[in-house]
Amino acid sequence: MPAVLNNVWKWNRMSTKSSIKCRNTTEGQPGFHLYDDVTDAFCAQEGDPEPPVYLCLEGLQVHLETLPAGGATVTVTIPREMARVLGLLAAQ
């Protein structure tokens with residue numbers, strides 16, 4: 001698929017993501033997308049715990065360690081400015 005058509009398709013397809021907070025990646029700053037997946041709430045039954053939120057981080061260094069018992073540990077190097085924007089650190 002030509003790059004132009006692929007880019008148009010990428011942005012015009014349907015999504016179940018409902019953005020909470022986002023920022024595009026720039027030359028100086030990494031990007032992020034904090035969102036809900038509307039199908040989580042739609043499929044939930046009464047009495048189920050609150051559905052999760054999802055955080056996509058772009059342009060960051062990560063360390064992924066697979067655990068022998070299953071699952072993984074992920075360490076993400078986040079600039080302090082980005083951590084403040086996400087509410088992980090108090091504003092200065």
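Mentor: Let us start with a charged pair: arginine 23 forms a salt bridge with glutamate 81, and their closest N and O atoms are 2.8 Å apart. The term salt bridge denotes a side-chain nitrogen of Lys or Arg within 4 Å of a carboxyl oxygen of Asp or Glu. Because arginine 23 lies in strand E1 and glutamate 81 in helix H3 (residues 80–85), the pair ties together parts that are 58 residues apart in sequence. Helices (H or I, at least four residues) and strands (E, at least two) are DSSP runs, numbered from the N terminus. The structure holds 1 salt bridge.

A word on the basis of these values is needed here. The model is predicted: local features need pLDDT of at least 70 and side-chain atom pairs count only at pLDDT 80 or more, whereas totals for chains, interfaces and linings use all residues. Residues are numbered from 1 along each chain as its sequence is written, and side-chain values use heavy atoms, with hydrogens and water left out.

As for accessibility, arginine 23 counts as buried at 17% relative accessibility, and glutamate 81 counts as partly exposed at 32%. Buried means under 20% relative accessible area, exposed over 50%, and partly exposed in between (1.4 Å probe, protein chains only).

Strand E1 leads us to the sheet. Here 3 strands form an open sheet in the order E1-E2-E3, with antiparallel pairing; two strands pair if DSSP finds at least two bridges between them. Strand E1 (17–23) and strand E3 (54–58) are the edge strands, each pairing on one side only. Strand E2 (residues 31–37) pairs with E3 in the antiparallel sense over 5 bridges, and glycine 31 stands opposite glutamate 58 in E3.

The structure holds 1 aromatic pair: tyrosine 35 and tyrosine 54 are stacked, at 5.4 Å centre to centre and 20 degrees between the planes. Rings of Phe, Tyr and Trp (its six-membered ring) pair if their centres lie within 6.5 Å; planes under 30 degrees apart count as stacked, over 60 as edge-to-face and the rest as tilted. Tyrosine 35 lies in strand E2 and tyrosine 54 in strand E3, so the pair ties together parts that are 19 residues apart in sequence. Tyrosine 35 is buried, with a relative accessible area of 12%, while tyrosine 54 is partly exposed at 30%.
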